[in-house]
Amino acid sequence: MENIDRAVASFGSRTRQLVHQHPRTLATAVVVGLMGFGVTAFGIAPMAPDASDLPRRLVTEIVTADDTSSQLEALANHPLQLFRSDLTRSADTVDTVLRRMNVTDAGAAAFLRTDKTARKLLEGRVGKMVQVRTGETGLLEELVARYPAENPDQAGTHFSRLRITRFEDKFIAMVETAPLASQVRLGSGTIRSSLFAATDEARIPDPVATQLAEMFGTDIDFHRELRKGDTFSVVYEALTADGEPVTWNQSSGRVLAAEFVNNGKSHEAVWFQDGTQKGGYYGFDGQSKRRSFLSSPMEFSRVTSGFAMRFHPVLQKWRAHKGVDYGAPTGTPVRTVGDGVVEFAGWQNGYGNVIQIKHANNRATLYGHLSRINVRNGQRVDQGMVIGNVGSTGWATGPHLHFEVKINGEQQNPLLVAKASEAVTLSPAAQAKFAVVAKEFRQQLEAAEATEGRAVALVD
């Protein structure tokens, strides 16, 4: 063992001496040796079999499908259930509702007529959302009707669900109260005659059309500047009952984002609320759509007489019309266009019931011919607050609102004043948060454009 150790030590000593005396020679030998291995490897590799020369085998397996008769028999043995949905109508009876939904069931009809709870189906307001489930024979298995909550205090948050279920030859009816859910929906449309006609065609609720007119009221005069071929895309909240958009009251929540292309020019708006501050609509550039003056004292109406010379219907002579008249049915809510203080609320000659409000920067507004006054002298009011209702008091030939704007005591064109009023701005800190929100809604609006003429639910 000691001899082996001495031999190994002697070999190591000679090797170190050789490396020290002939470093270049040794390095060359190593390189040549490696090249030899490389040539050998290069020479061996081509000897591997070519994949194209390997034997191939085709495997064929015959699959036999069940014959048609056995498939039809299996389908026939499968229990079939049919679902149908509709809305109740003003002239409906039990028989007309069941017939319209292809239900042939004398027992169910008798139960709907006589049971105190089941009779709620046709009691009260119409437009209840009804869904039935039947078997192959047309017998009723289950009927579910959804309608506004019976408790008025829950009208905006809950709905009533009438459920009628068959158990063998008997029926059981019960009413439940369930919370409404919010669903984000997308929609788009093209103007052919009016905004409301376009939203109806796209199955978008009327409150959404009203909000669109509000959002873009300072950019577009919807009474005069709307053009055939204008387009819009919208992202909005829809209230749902068991996943179905409700058809009553304000069936939609807030519009979250919208784009309106009017006469080739695009206008955008996004809902944004920073912390506890009051939310509002902003363009993609961060500029607020909210101004110190609203574009109109009513949500949506038609201008019957503008700020111009006209033939006075009562005085029967030409004179300057120093305001704007909005045609609307008696009782239509009237709101203040800006924050301010009530200077006068009462009767005043030709104006009839009238309200005058003082605003900042020596501006004032007047609302005439009202049927009802909801404010008092000296009361502070906020923009959008309902202050009265349309009427035909004073020198009015029919129900309408006479609206004036004064700056330094001089009447000005209300439509121009609204467009020129000051816009609300975002703080630098809020701008960064808004950019993130705006990017997300921009993508959703692009998706909404693909829903031309219809409204669909947004699926995350």
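The lining of the largest pocket in this predicted model comprises twelve nonpolar, 13 polar and nine charged residues. In total, 34 residues line this pocket. Its volume is about 950 Å³. Nearest the pocket centre lie Glu 214, Tyr 281, Leu 294, Glu 299 and Arg 335.

The largest share comes from α7, with six residues.

Rolling a probe the size of a water molecule over the atoms shows where empty space is left. The structure holds one cavity of 30 Å³ or more. The volume of the largest cavity is about 30 Å³.

Gln 356, Ile 357, Ala 364, Thr 365, Leu 366 and Lys 406 line the largest cavity. By class, this lining has three nonpolar, two polar and one charged residues. Two strands, β18 (353–359) and β19 (363–373), each supply at least two residues of the cavity lining. The largest share, three residues, comes from β19. Within the lining, Gln 356 and Ile 357 fall in the span of β18, and Ala 364, Thr 365 and Leu 366 fall in that of β19.

How values were computed
Residues are numbered from 1 along each chain as its sequence is written. This is a predicted model: local features need pLDDT of at least 70, side-chain atom pairs count only at pLDDT 80 or more; totals for chains, interfaces and linings use all residues. Side-chain values use heavy atoms; hydrogens and water are left out. On a 1 Å grid over the protein atoms alone, a cavity is a set of points where a 1.4 Å probe fits but cannot get out, and a pocket is an open set with protein on both sides within 12 Å along at least five of seven lines; lining residues have an atom within 4 Å of a point. Grid points are joined across faces, edges and corners, and a volume is the space filled by probe spheres set on the points. Helices (H or I, at least four residues) and strands (E, at least two) are DSSP runs, numbered from the N terminus. Ala, Val, Leu, Ile, Met, Phe, Trp, Tyr, Cys and Pro count as nonpolar, Asp, Glu, Lys and Arg as charged, and the others, Gly among them, as polar.
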